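Look at the structure before you read on.

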Amino acid sequence: MMLAIGTAMANDGYQKAGGLAVYHGIVPAPVVRGHPSGHPESTMHGGPGTAPHQQHLVVAVFDDQTGARVQNASVSATISGLGHVGQQTIQLEPMKIENTITYGGFVTLSGNDRYAIAVEITVPGRSRPISVTFSSDHVQ
């Protein structure tokens with residue numbers, strides 16, 4: 001399998017690799033659950049579910065040179081605790097909010113840990129996927 005053209009690790013929610021600028025954020029699922037039933041975010045990704053410690057992972061992708069939002073990518077995230085404990089991979093779905101596309105999905109961060117979030121982005125017309133890795137401290 002062909003891996004990343006560039007890899008980075010940071011805590012600030014922003015990385016550049018392979019000509020892309022990638023932002024990530026994590027929102028507790030109860031925030032999403034709080035939307036009214038008719039709100040589009042209340043049902044995205046099949047809804048937030050009720051599992052404890054569920055989070056909504058959001059990734060925005062831009063062309064680093066032009067600043068144009070990348071709206072046609074395939075984006076996945078592999079999340080794991082220290083030592084790759086509890087590793088899980090999810091496909092992040094496109095989300096259209098205010099006429100912009102970001103990618104998101106629900107993930108469970110089940111304990112106090114520093115999580116690695118490896119995001120893989122495949123953009124049509126590019127020869128290889130781009131990979132960036134973020135870290136996120138989760139405290140219950």
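A: Eight of the ten residues of β4 are buried, so β4 is largely enclosed by the rest of the structure. Buried means under 20% relative accessible area, exposed means over 50%, and partly exposed lies in between (1.4 Å probe, protein chains only). This is a predicted model: local features need pLDDT of at least 70, side-chain atom pairs count only at pLDDT 80 or more, and totals for chains, interfaces and linings use all residues. Residues are numbered from 1 along each chain as its sequence is written, and side-chain values use heavy atoms, with hydrogens and water left out.

Q: How many bridges join β3 to β4?

A: Strands (E, at least two residues) are DSSP runs, numbered from the N terminus, and two strands pair if DSSP finds at least two bridges between them. Here β3 and β4 run antiparallel and are joined by nine bridges. His24 stands opposite Val59 in β4. Six bridges join β4 to strand β7 (residues 100–108), also antiparallel.

Q: How many aromatic pairs does the structure hold?

A: Rings of Phe, Tyr and Trp (its six-membered ring) pair if their centres lie within 6.5 Å; planes under 30 degrees apart count as stacked, over 60 as edge-to-face and the rest as tilted. The structure holds two such pairs. Tyr14 and Tyr23 have ring centres 4.7 Å apart and planes at 40 degrees, so this pair is tilted. For Tyr23 and Phe62 the centres are 5.8 Å apart and the planes at 90 degrees, so that pair is edge-to-face. The latter pair links distant parts of the chain, with Tyr23 in β3 (residues 20–28) and Phe62 in β4 (residues 54–63), 39 residues apart.

Q: Is Phe62 buried or exposed?

A: Phe62 counts as buried because its relative accessibility is 18%.

Definitions and conventions: Helix = DSSP H or I, 4+ residues; strand = E, 2+ residues; numbered from the N terminus.
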